[in-house]
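Subject: Structure handover

Hi,

Here is the structure I said I would pass on. Please load it before you read the notes.

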Amino acid sequence: MQALDNARDRVAGAVDDARLQARLEGLAQFGAVQPGQPRGGVARQALTEQERLARRWLAAEFAGRPGYAVGIDAAANVYVRRQGSDAGAPPVMTGSHVDTQPLGGWLDGAYGVAAGLEVFAALDAAGVHTRRAIETVMWTNEEGSRFAPGLMGSLSYVCPDRLAEFQDARDAQGVPFGQACAEARADFAAAAREAGWQWFDTPLARPLHAYIEAHIEQGPILEARGLQVGCVTAIQGVRWFRVTVPGRSAHAGTTPASARDDAQAKAIALAHALLEYGRAQDDEALRLTIGRWQCRPDSINTIADQVVFTVDTRHPDARVLDALQARLQALLPPGATMDTLQNKPTVTFDGGLTALARQACRALRLTHQDMLSGAFHDAMPLAGFCPTAMLFAPSIAGISHHPEEHTAIEDLAACTRALAWCLTDLAGQTDAPPANASFTSTR
């Protein structure tokens, strides 16, 4: 046990701030709106040329080293693998995604991939071999901004039958996901052959020992409390609704108030009452958002005959969401309808892995707290497949999905050290060299 304690500390201590920052800044150049300025915004949507180039660039740092291999699966998820001594043992996995919003920041998702690769660099620098292989994954289409829904890669990994459902999803230009996926797979395999990278087979639903994802918080809590790491216990439940409120079109200048059936007026009153209900709950965990708002005929001098708007509700307790849904239903004016667009229950992460994250923070003297995630992550589907957990680094002002998204490198490195400590523990130190028998040359 003493040897493992020492290995965990040595690997965590070998995490290099400058090396991590250089990797993140290099990654930010793929799709950079203002080249040379990571905070100028990044446009790198799923399976576009810029994302494919970014994935190849990230893999190239390690793919040529002894004991490393790469692969890409049927959903175009890319893997960089650091082999362990026991080729038959299910690997430990980390990572995230490198696709962005149409105009996003430089850290969302990208940090988790860069952090996983930095753990590889730290393991190599510390001279630590592990019994289990460790893999850093780049999941496909987490954001869902080019192809809907999001989380396509991780959902397909844990449930391969889902991949067939996604094949015909099309982007704004009409390109099917299946076509973009096939092109990305061919592109990555060609790059691997050309470079002579070692290759390993990556079927979907391969058994995993554990999955830990590092991510920026995308919220203000850690920064406000001066904390370095969030140990994420769960992703809160979410329900999306579409509300349709009917009315009757009429001339704005000739129709008196008593003769109006104004969809806009009814919808505004409904939305106001719902928001007031949310405020009255005085529940810090409750999230209630009116999102899209569409009015028909959308004319300045015509009374609206229809308004359609969306409601996003989130809370870790299903009973709270039940009550809010019932209240929304009760508030509907005559003729209005409510459709459920999404209903995802709270996902609770593995208690043992969350405890390991706390242990890592204590061992490394990192300030930390347990917390919930309010946003979706690839860890959500993984949680039903293998023991899963997440680590958060603070986000300055809570900004995310925006060019001004930022986190101090000291905080990113601190979270990466906790990740390195956990991955080393889970993979297990060994004096045996890595088993390369499962690798095949791409030449």
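Below are the notes on domains, backbone and salt bridges.

First, the ground rules. This is a predicted model: local features need pLDDT of at least 70, side-chain atom pairs count only at pLDDT 80 or more, and totals for chains, interfaces and linings use all residues. Residues are numbered from 1 along each chain as its sequence is written, and side-chain values use heavy atoms, with hydrogens and water left out.

Domains. The assignment gives the protein chain domain 1 (7–235 + 347–427) and domain 2 (237–344). Those bounds come from an automatic or database domain assignment. The centres of the two domains, taken over C-alpha atoms, are 37 Å apart. Six residues from domain 1 and six residues from domain 2 make the contact (heavy atoms within 4.5 Å).

The interface. Domain 1 and domain 2 bury about 440 Å² between them. Carbon and sulfur atoms account for 68% of that. Buried area here is the accessible area (1.4 Å probe) that two parts lose on being put together, summed over both. On the domain 1 side, Leu372, Gly374 and Phe376 lose the most area to domain 2. Together they make up 69% of what that side buries.

What polar links cross the interface of domain 1 and domain 2? One residue pair is in polar contact, both at pLDDT 80 or more. A polar contact is a pair of N or O atoms within 3.5 Å; within protein, one must be able to donate a hydrogen and the other to accept it, and residues adjacent in sequence count only if both atoms are side-chain atoms. Salt bridges across this interface: zero (the rule asks for a side-chain nitrogen of Lys or Arg within 4 Å of a carboxyl oxygen of Asp or Glu).

Annotation. The unreviewed UniProt entry places "domain: Peptidase M20 dimerisation" on residues 234–332. Such annotations may be inferred rather than shown by experiment. The span is 32% helix and 32% strand (DSSP runs: H or I, at least four residues, for helices; E, at least two, for strands). Its end C-alpha atoms lie 32 Å apart.

Backbone points to check:
- Alanine 148 to proline 149 is a cis peptide bond, omega near 5 degrees. Proline 149 sits in the loop between strand S5 (134–139) and helix H5 (152–158).
- Arginine 296 to proline 297 is also cis, omega near 10 degrees. The loop between strand S10 (287–296) and strand S11 (306–315) holds proline 297.
- Glutamine 218 has a positive phi, near 65 degrees.

Salt bridges. The whole structure has 24. One of them joins arginine 19 and glutamate 118, with the closest N and O atoms 2.6 Å apart. Arginine 19 is in helix H2 (residues 17–28) and glutamate 118 in helix H4 (residues 110–126), so the pair ties together parts 99 residues apart in sequence.

Best wishes
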